Amino acid sequence: MARLGALLLATALGALLSFALLVAAVASDYWYVLEVAAAGNRTQRLSSHSGLWRVCEALHRAIMVVLPLSLVLVVCGWICGLFSSLAQSVLLLLFTGCYFLLGGALTLVGISVYISYSHLAFAETARQFGPRHVQHVRVGFGWSLALAWGSCASEVLSGILLLTAARALRLSRRRGGPHSVAV
């Protein structure tokens, strides 16, 4: 049962980390980074960055809904995880683990759509203004996107840990082990 308690504690910390990383990612402005080198001058670079809240096109609005929704799922999942660990219910632990995996998938979808949208927007800009005007432009993604990836990984890990905890609880009940868990 000590193993189960450790799994549930690791899950709680992973979910808390996932929430903190996604809050920081959504609130920050370093999702998309542009660097422009002046023609003929490699030492002078102009740099710009933007976040989720600066562009208001239709596809971008969808991203602005998906990632905050994922934040809500993390909070609800944390509450469900707390109740399922206190109730020591295999079924609730399984549900909560799947819930976290769903939240991780939603975060992954939001990140993937953002990356695709960013590439398409730059390609459209290059098409409109011509390749000559964008040849010195380097497009990249900033640390905000890295935080979102970390949140996604932590959320999926929390889901896997909850599924493992449900399996450990089920196996301990089959063997007739103690049924109490201290977290």
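What percentage of the chain's 183 residues count as buried? In this predicted model, the share that counts as buried is 39%.

**View 1. The chain holds five helices and three strands.**
Here is the layout to keep in mind for the other panels. If you read along the sequence, the elements follow the pattern α-β-β-α-α-α-β-α.

**View 2. Helix α1 crosses helix α5 at roughly 160 degrees.**
This close-up pairs α1 with α5, which spans residues 143-174. Their axes come within 8 Å of each other. Angles over 145 degrees count as roughly antiparallel, so α1 is roughly antiparallel to α5. As for handedness, α1 passes α5 in a left-handed crossing.

**View 3. Helix α3 also meets α5, with their axes crossing at roughly 165 degrees.**
Now the partner of α5 is α3, made of residues 90-129. The two axes come within 8 Å. With the crossing at roughly 165 degrees, α3 and α5 are therefore roughly antiparallel to each other. Their crossing is left-handed.

**View 4. Nonpolar residues form a surface patch of about 800 Å².**
Take a moment to pick out the side chains in this one: L16, F19, V23, V75, W78, I79, L82, F83 and L86 make the patch. Two helices, α1 (2-27) and α2 (58-87), each supply at least two of its residues. The largest share comes from α2, with six residues.

**View 5. V23 is a patch residue placed in helix α1.**

**View 6. Q135 sits in the loop between α4 and β3.**
Q135 has a relative accessible area of 55%. The cut-off for exposed is over 50%, so Q135 counts as exposed. Which distance separates the C-alpha atoms of Q135 and V36? The two atoms are 9.0 Å apart in the model, while Q135 and V36 are 99 residues apart along the chain.

Definitions and conventions: Residues numbered from 1 in each chain as written. Predicted model: local features only at pLDDT ≥ 70, side-chain atom pairs only at ≥ 80, totals over all residues. Heavy atoms only, no water. Patch = residues over 30% accessible without salt bridge, like charges linked within 9 Å, V, L, I, M, F, W, Y side chains within 5 Å. Areas by Shrake-Rupley, 256 points an atom, 1.4 Å probe, with all protein chains shown as cover. Salt bridge = Lys/Arg side-chain N within 4 Å of Asp/Glu carboxyl O. Helix = DSSP H or I, 4+ residues; strand = E, 2+ residues; numbered from the N terminus. Axes fitted to C-alpha atoms, helices over the stretch in contact; angles between N-to-C directions. Parallel < 35°, antiparallel > 145°, perpendicular 65-115°, else oblique. Left-handed = near helix turned anticlockwise from the far one by under 90°. Buried < 20%, exposed > 50% of the residue type's maximum accessible area, 1.4 Å probe, protein only.
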